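Take a look at the chain below. The walk-through starts with one pair of residues and then moves out to the whole fold.

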Amino acid sequence: SDRSSIDALMPAFGLTAREAEVLYWVSKGKTNRDVGDILGLSPRTVHKHLEHIFAKLGVETRTAAATQAINKLRTNAD
């Protein structure tokens, strides 16, 4: 489920609940605008959350962050 996936991302990467939500939806291929609509945030706020996520994951792009999230969620599902 969406909630269990988001809950798994928080401790795996040391994310806040909101950062985990943003990363989850980015890993689903959503744009900043889409994520903002889903979570009730502005696209700029989503961008700021992504900056923090990138720093915590040690990556520079949303694709790299999404890849790490997908890999972690796949590992948890196995």
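Are Y24 and W25 buried or exposed? Both Y24 and W25 are buried, where buried means under 20% relative accessible area, exposed over 50% and partly exposed in between, with a 1.4 Å probe and protein chains only. This is a predicted model: local features need pLDDT of at least 70, side-chain atom pairs count only at pLDDT 80 or more, and totals for chains, interfaces and linings use all residues. Residues are numbered from 1 along each chain as its sequence is written, and side-chain values use heavy atoms, leaving out hydrogens and water.

The structure holds one aromatic pair. The ring centres of Y24 and W25 lie 5.0 Å apart and their planes meet at 75 degrees, so the pair is edge-to-face. Rings of Phe, Tyr and Trp (its six-membered ring) pair if their centres lie within 6.5 Å; planes under 30 degrees apart count as stacked, over 60 as edge-to-face and the rest as tilted.

Now the fold. The chain has five helices and zero strands. Helices (H or I, at least four residues) and strands (E, at least two) are DSSP runs, numbered from the N terminus.

Next, the overall dimensions. The C-alpha trace spans about 35 × 25 × 20 Å along its principal axes. Of the 78 residues in the chain, 37% are buried.

Contacts come next (heavy atoms within 4.5 Å). Among those with a separation of 6 or more, 47% join residues 24 or more positions apart.
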